[in-house]
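Here are my notes on this structure. Please read them with the model open beside you.

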Amino acid sequence: MPLERIALISDVHGNLTALDAVLADVEARGIDRIVNLGDFVGKGPRGSEVVDRCAKVCDVNIRGNWDDHLPTWTDETSPEMVWWRDELREDQRDWLTGLPLSHDLLISGRNVRLFHASAVSPHVRVRAGHTADEFEGMFLNTPMTGHGPAPSVVGYGDIHAAFVEVEGGRTLFNVGSVGNPLDEPVPSYVVLEGITDEPGPAPFGLQIVRVPYDVEPEISLAAQLGMPALEPYAVELRTALYRGLQPNLRS
Ligand SMILES: [Mn+2]
């Protein structure tokens, strides 16, 4: 049986320019199966278009923390949250809040589990410099993950920083972010390679791909659309410096 490839993308955050660049790279590699690990919206200007694009091209879409809280956001005193929320159509808000929180695959004899931030909730964050307990927790069955076979490979998003870690026979990886990377200002995604639905051992590959694109048209478009919190967004896209660490630009 031939090896198959699956592209894993995450944290597009309304950045359609970066999403288009990554999808073009996925297509150029001849990959037609895409799983999105969530955070379609917020931070960037075109959440609505990103939702429509991903609903069309991704085989599986998983709910992130932003997709979970933005559609039902009620605090009208936060102009950027209101702007991002109101940009979404009613059917898109329903679509986002109805997405699954976890997805299991069997590839080359490995049980692979994908979710946004952790096995507990899309709102519970696990950083690259995690504790041993946090590492263990990523592989556990929880009410959020359901009770499928225990995974030996877990992939997630949320922290906007790609990594791969192999420890005690288990692999934990982060796909990084398409629209708002914070490890370097270049979008990342992951390609998994193996034989899907194959219970026996077979070659298995995992590759982090970086796709450069010009951030300036994306920033200009956000300005043109009158998106609030433009300056911290521009700094994040240009330098990968998280807005919470931009002391003079906190909004
Ligand atoms: Mn995110």
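1. Glu167 has Arg170 of strand E8 as its bridge partner. The model is predicted, so treat this pair as part of a prediction.

2. Now take the two strands around that pair. Strand E7 covers residues 163-167, and strand E8 covers residues 170-174. They run antiparallel and are joined by five bridges. Two residues lie between the strands of this hairpin. Gly168 takes a positive phi there, near 55°.

3. Next, find the open sheet. What is the order of its five strands? The order is E3-E2-E1-E9-E10, and the pairing is mixed. Strands of a sheet pair through backbone hydrogen bonds, either parallel or antiparallel.

4. Look at the edges of that sheet. Strand E3 (60-61) and strand E10 (205-210) stand there. Each has a single partner strand, so one side of each has no neighbour in the sheet.

5. Move to E1 and E9. Strand E1 spans residues 4-9, and strand E9 spans residues 188-194. Their pairing is antiparallel, over five bridges. Ile6 has Leu192 in E9 as its bridge partner.

6. Which residues are the protein donors of the manganese ion? They are Asp11 (OD), His13 (NE2), Asp39 (OD) and His160 (NE2). These donors lie 2.1 to 2.4 Å from the ion. Their spacing in sequence is D-x1-H-x25-D-x120-H.

7. Are His13 and Asp39 buried or exposed? Both are buried.

Terms used: Residues numbered from 1 in each chain as written. Predicted model: local features only at pLDDT ≥ 70, side-chain atom pairs only at ≥ 80, totals over all residues. Heavy atoms only, no water. Pairing = 2+ DSSP bridges. Helix = DSSP H or I, 4+ residues; strand = E, 2+ residues; numbered from the N terminus. Donors = N, O, S within 2.8 Å, 3.2 Å for Na, K, Ca; no water. Buried < 20%, exposed > 50% of the residue type's maximum accessible area, 1.4 Å probe, protein only.
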